[in-house]
Amino acid sequence: MTERVQATINGGHFEGEVAPQELLLDFLRDRLGLTGTKQSCEVQVCGACTVLVDGNPVSSCCFLAADIDSREVETIEGLVGSDFHRRAVEAFMRHAAVQCGFCTPGMLLTAKALADRGLDANRGEIAVAMNGNLCRCTGYHSILDSLTELLGDPA
């Protein structure tokens, strides 16, 4: 048994069948080849699988693909090339906020959701907003420096 789904994914139209139990993470990676979305904890803890659904960050490891019907999904591949992505990459490079890069796609998508809300956040507010995104390599100072430059008030 499958369910019919129509969605906008990275600005393009998708129409097709998904299994009722198919996870969005598997759908994006295995069926659409959007491998920038990473699989890690599988229990909504680390943020590596974060994508935007209707502009809101979701853990695609615990979100059903069928639930994207009539919705808009953005992955890191859809963010690449945008002005936000360019500025984010520059900030992350300037502050040495990337080592392995595994967590970076989820962090950038969460940051984009914050930016799209028009928040002018301080470092503490950004830290709280990013608490669902874990990094095992850099620590957080350089990431918060980058995101504060990108999203908020650098003071």
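N10 is placed in the loop between β1 and β2, where helices (H or I, at least four residues) and strands (E, at least two) are DSSP runs numbered from the N terminus. The phi of N10 is near 50°, a positive value in a residue other than glycine. Most residues other than glycine have a negative phi. With a relative accessible area of 28%, N10 is partly exposed; buried means under 20% relative accessible area, exposed over 50%, and partly exposed in between, with a 1.4 Å probe and protein chains only. The model is predicted, so that local features need pLDDT of at least 70 and side-chain atom pairs count only at pLDDT 80 or more, whereas totals for chains, interfaces and linings use all residues. Residues are numbered from 1 along each chain as its sequence is written, and side-chain values use heavy atoms, with hydrogens and water left out.

A positive phi is also found at Q44, about 60°, although Q44 is not a glycine. Q44 is in the loop between α1 and β3 (50–53) and is exposed, with a relative accessible area of 51%. A96, which follows α3, has a positive phi near 50°.

Strand β1 (residues 3–9) contains V5, which is buried at a relative accessible area of 1%. Not counting residues up to four places away in sequence, V5 touches F14, E15, G16, V18, A65, A66, I68 and D69, contact meaning heavy atoms within 4.5 Å. The C-alpha atoms of V5 and D67 are separated by 8.3 Å, although these residues are 62 residues apart along the chain.

A search of the whole structure finds 1 aromatic pair. The pair consists of F14 and F27 and is edge-to-face, at 5.1 Å centre to centre and 75° between the planes. Rings of Phe, Tyr and Trp (its six-membered ring) pair if their centres lie within 6.5 Å; planes under 30 degrees apart count as stacked, over 60 as edge-to-face and the rest as tilted. F14 lies in strand β2 (residues 12–18) and F27 in helix α1 (residues 24–31), so the pair ties together parts that are 13 residues apart in sequence.

Helix α3 (residues 83–94) has 12 residues, which at 1.5 Å a residue should span 16 Å, and its end C-alpha atoms are 16 Å apart, in agreement. The expected span is 1.5 Å times one less than the number of residues. Buried in α3 are F84, H85, A88, A91 and F92. These residues cover an arc of only 130° around the axis, which puts them on the same side of α3; the arc is that of the directions from the helix axis to the C-beta atoms. An α-helix has 3.6 residues a turn, so residues three or four places apart point the same way. On the other side of α3, M93 and R94 are exposed. The cover over the buried residues of α3 includes α2 (76–79), α4 (104–116) and α6 (141–151).

The loop between α3 and α4 holds F102, which counts as partly exposed at 35% relative accessibility. Leaving aside neighbours within four places in sequence, F102 is in contact with K38, Q39, S40 and A48.

In helix α4, K112 is buried, with a relative accessible area of 15%. The side chains of K112 and D116 are joined by a polar contact of 2.7 Å. Such a contact is a pair of N or O atoms within 3.5 Å; within protein, one must be able to donate a hydrogen and the other to accept it, and residues adjacent in sequence count only if both atoms are side-chain atoms. Beyond four places in sequence, K112 touches L52, E74, L79 and F84.

Of the 11 residues of α6, 8 are buried, so this helix is largely enclosed by the rest of the structure. The buried residues of α6 pack against α3, α4 and α5 (123–129).

The largest nonpolar core has 23 residues, and those with the most contacts inside it are F84, I126, I143, L147 and L151. A nonpolar core is a set of buried Ala, Val, Leu, Ile, Met, Phe, Trp, Tyr and Cys residues joined through side-chain atoms within 4.5 Å. At least two residues of this core are supplied by each of α2, α3, α4 and α6, and its largest share, 6 residues, comes from α4. A second, separate core of 17 residues includes V5, L28, V51 and I68.
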